[in-house]
Amino acid sequence: LYAMANATEEGTLPDILANITTKTQLQQLQIFSNGDWRDSEIESFFDNKNGYNSDEIKRLQKANLTNVEQIRKAISALKELHQPTPIDTKQRQIRDLEFNLIGVKIPGYFPTPPEICKQMIQLASLEKGMKVIEPSAGNGTLCEAIKESINVELDVCEINYDLREILQLKGFNIVSSDCFELKNSLYDRILCNPPFGKALEIQHIQHYYSLLKPGGRMVAIVPESVEFNQTKVYKNFRKWLQDKCFLNQSLPDKAFLNSQRPTGVKTRIVVIDKD
């Protein structure tokens, strides 16, 4: 049935299979495909309309399969179908949850594009066995890139319930829903793409800094406005960065148009070291 559904989407389903809609119809065809069934025996099967097999005949009639020629043609067509690889139940759940988030407004949620994930991981100078956290993990895009690159002890936080459910299904270690509740844990590396707006990114980054071990490093995505906003909180943030910032550079324009939730907001990448 999955193979038939795929063929229907592709517009390649043979006409002989177009009216098959149930598993029991396919099961009967599977029985007929056994080499023990000769054409004469299939003819006798259809001739016995009032016998023990009357229900099976009715099911096949609903699929417009009423004689030996049609049965053989249907069996041959089924064998020609491309059999899809079975989808893992967990992967299907993840796919469905992510699909259901399309169009749903989640403040500050813009998954990190693959190229930026790669750049962040390089700048983080990750080493095997390090204790690492992504404290605003979203659906785990950056976390997956970290996991694929090196074997580290990776923790995550995410406040949105639906995103947290996705992270859980993906097997990430969720240490808290609210990153601001983390106070006693210390990490070698923090990689993050915190929510932007109303200086929210500053609150997150300064809190994350408190979670860094001495000698630790944070790689963060921030809005371009941290460089020019003249309000007091942004001025203070720039002063705070001065003796901690290893790198502070603009990302290409439209860098986040490759995000799963595209945005044209201009961004920077900031690397902060803790002496």
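Colleague: Which residues of helix H8 (residues 141-149) are called buried?

Modeller: They are Thr141, Leu142, Cys143 and Ile146; buried means under 20% relative accessible area, with a 1.4 Å probe and protein chains only. The model is predicted, so local features need pLDDT of at least 70 and side-chain atom pairs pLDDT 80 or more, while totals for chains, interfaces and linings use all residues. Residues are numbered from 1 along each chain as its sequence is written, and side-chain values use heavy atoms, without hydrogens and water.

Colleague: What do the buried residues of H8 pack against?

Modeller: They pack against helix H7 (114-124) and strands S1 (131-134), S2 (153-157) and S4 (187-192). Helices (H or I, at least four residues) and strands (E, at least two) are DSSP runs, numbered from the N terminus.

Colleague: Why is Ser225 called buried?

Modeller: Its relative accessible area is 19%, and therefore Ser225 counts as buried. Ser225 lies in the loop between strand S5 (212-223) and helix H11 (232-241). Neighbours within four places in sequence aside, Ser225 is in contact (heavy atoms within 4.5 Å) with Tyr234 and Arg238.

Colleague: What makes S3 (173-176) and S6 (245-250) edge strands?

Modeller: The open sheet of seven strands runs S3-S2-S1-S4-S5-S7-S6, with mixed pairing. S3 and S6 each have a single partner strand, so one side of each lacks a neighbour in the sheet.

Colleague: How do you know that S6 and S7 (residues 267-273) pair?

Modeller: Pairing requires that DSSP find at least two bridges between two strands; S6 and S7 have five, in the antiparallel sense. Leu247 stands opposite Val271 in S7.

Conventions: Buried < 20%, exposed > 50% of the residue type's maximum accessible area, 1.4 Å probe, protein only.
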